[in-house]
Every structure is written in C-alpha cells, then in structure tokens.
Amino acid sequence: MGGGCISRVASGTVIAMARHIHITGANRGIGLAIAQRFVAAGDTVSTLYIGDPPPDGIDGIEGDVRDAAQVDGAFGVFEERHGPIEILVANAGITRDGLLMRMTDEDFEAVIDINLVGAFRCVRRVAKTMIRQKAGCIILIGSVVGLMGNPGQINYSSSKAALVGMARSITRELGGRGITANVIAPGFIDTAMTQALPEDVQQRYRDSIPAQRFGEADEVAGAAFFLASDDARYISGAVIPVDGGLGLGH
Ligand code: NDP
C-alpha cells in the first residue's frame, strides 16, 4: 500500500490507531472544527496558536508561523510528546482587505507572510519527518478566492492561489515518498473572519452562493478528515472546494 494518508493495515485488517495531526490555529474557527473532528475519532491533535489557548483535548504551544525557529521548536516538542506528525493542516490565516490603490506594502506582506510563508515553514519542518516515515498527508487551507479572485483581496487571494502551486510542487517533489499534498478551498464559512464583514456585504456574498448560505466550519472539517483518510491516499495536488457551489468547477 502507498503512503499518503494514514491507516494501519495488518493481515488485511484495518486497525484504527491514534494518528498525530498538527493543525496551525486550532484554537478557534475552522482549525478548531477540524481538530474536534480528529479528536472525536481518537486521534491526537497538536496546534501552534498565538491568541487564546485551544480547549482541553488539543495540545497547544504558543507560537507564531511567522517565526521559523518557533515552528521548528514547537514541532520538535510535539513530536517528542506524540510521535511523528503524520498529517499537517496548514490553517492559520489572516485577511487585511483593501483596494489595490490603497493597499500598503505592509498589508500585502503581512498576509503573504502568514498565509503563504507560514504554511511553507510548517511544510518544510514536517517534510523532514514525513520523508523519514515514507508517509504523510499535507492539507493546505486555501480559499475559493484564490482561484476566483475578489476585489479588495489582492493580498489574500494571491496568498491562497500560491498554495495551489505549493501543493502541486510538493506532489511532484515528494509524491514518490508516500506523501500527498492537497488544498481545501472553502467558500464563505461562518467564523470570526466572515462575521467581521459588514452585514450588507455578508448578504451580498450569501446571494451569490448557489447554496444560498454560508458554510459551517464542520463542513470544512469533513473534507479534511476525508483527505487524511486511507480512502484519499491516491489523491494529491487536488483542490477540493467546500463552497456551496460558489467556485463552480475550480
Ligand atoms: P479565524 O480568523 O477564525 O482563525 C484564524 C486562525 O489563524 C486563528 O486560530 C489564529 O490564531 C490563527 N493565526 C493567525 N495568525 C497566526 C500566526 N501568525 N501564527 C499562528 N496562528 C495564527 O479564521 P477562520 O477559521 O475563518 O480561517 C481559517 C483558515 O481558513 C484561514 O487560512 C482562512 O484564510 C481560511 N478560509 C476561511 C474562510 C472563511 O470564510 N472563514 C474562507 C476560506 C478560507 P489566533 O486565535 O491566535 O489569532
């Protein structure tokens, strides 16, 4: 059996064992929903967070994806505690919206540094372990706007589009080592990130979604859980939309 996403097989029988999943930003929002899905299945979840600590049952260390030393240090501690990280969900992300002509270098770079370079720092660290294990599953949380674009989000959509290139390059570089890399592209999901938008903007977005509603964080968690399952071991370099039809075909 190939590597990729993980279950254990002995004498033809699939034996469920706790997996070690690292999710950045699992203290709230989509990251927390993904964490809860894995915890409910008996897996071990670790997380790097910068704000409030995660709830009980998720092992957290305060750290910033902008700092490679903090990422490397925390991941090392987590691996000592729980064994090799087998699944990475690069979820931490921010927005700094603004129209092109008014967007500052700082707002552009801040979003790229967390959403794109932050994911890269985590991927680079776990790749070391995954190559040694000859198995691993990398899930990057992109966005529907990475492929559709969105006015006022040139920084954010650029960062999310780049994750597609990242997953596909990882697939080409490490696919032969039993490692898969995919992007989940959520549409508008009901979290603090979308609740921060003015009500009229939220309504406009809702009207443009074929499903006529925002998604739930748990619906993104379902896609992550599938990608981390043995059923997805031959899926790599894919972009999985969880967007109520908003992206239509991307
Ligand atoms: P939230 O704003 O609710 O959560 C963002 C998470 O990222 C928080 O846990 C936050 O930690 C963490 N984070 C931010 N900066 C850093 C950092 N420098 N180092 C470590 N952690 C950090 O957002 P969502 O849950 O909505 O979004 C999660 C992901 O899903 C993001 O990548 C987002 O772009 C993406 N997404 C969201 C959509 C939506 O509609 N909500 C749609 C499409 C994609 P802290 O609590 O400490 O600030």
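Predicted model: local features only at pLDDT ≥ 70, side-chain atom pairs only at ≥ 80, totals over all residues.

User: Which helices and strands each supply at least two residues of the lining of the largest pocket?

Analyst: They are the helices α1 (29-40), α3, α5 (154-174) and α6 (192-195), together with the strand β4 (44-49). By residue class, the lining of the largest pocket holds 22 nonpolar, 17 polar and 7 charged residues.

User: Take Asn-91. Is Asn-91 buried or exposed?

Analyst: Buried means under 20% relative accessible area. Asn-91 has 12%, so it is buried. Asn-91 sits in the loop between β6 (87-90) and α3 (105-133). Leaving aside residues up to four places away in sequence, Asn-91 touches Ile-23, Thr-24, Gly-25, Ile-30, Gly-31 and Ile-141.

User: Now the helix. Which residues of α7 are buried?

Analyst: In α7 (residues 199-208), the buried residues are Val-201, Gln-202, Tyr-205 and Arg-206. Viewed down the axis of α7, these residues fall within an arc of 140°, so they line one face of the helix.

User: What does the face of α7 turned away from the buried side carry?

Analyst: That face carries Asp-200 and Arg-204, which are exposed. The buried residues of α7 have a cover that includes α6, and α6 also supplies at least two residues of the lining of the largest pocket.

Technical notes:
Residues numbered from 1 in each chain as written. Heavy atoms only, no water. Helix = DSSP H or I, 4+ residues; strand = E, 2+ residues; numbered from the N terminus. Buried < 20%, exposed > 50% of the residue type's maximum accessible area, 1.4 Å probe, protein only. Contact = heavy atoms within 4.5 Å. Nonpolar A, V, L, I, M, F, W, Y, C, P; charged D, E, K, R; others polar. Arc of directions from axis to C-beta.
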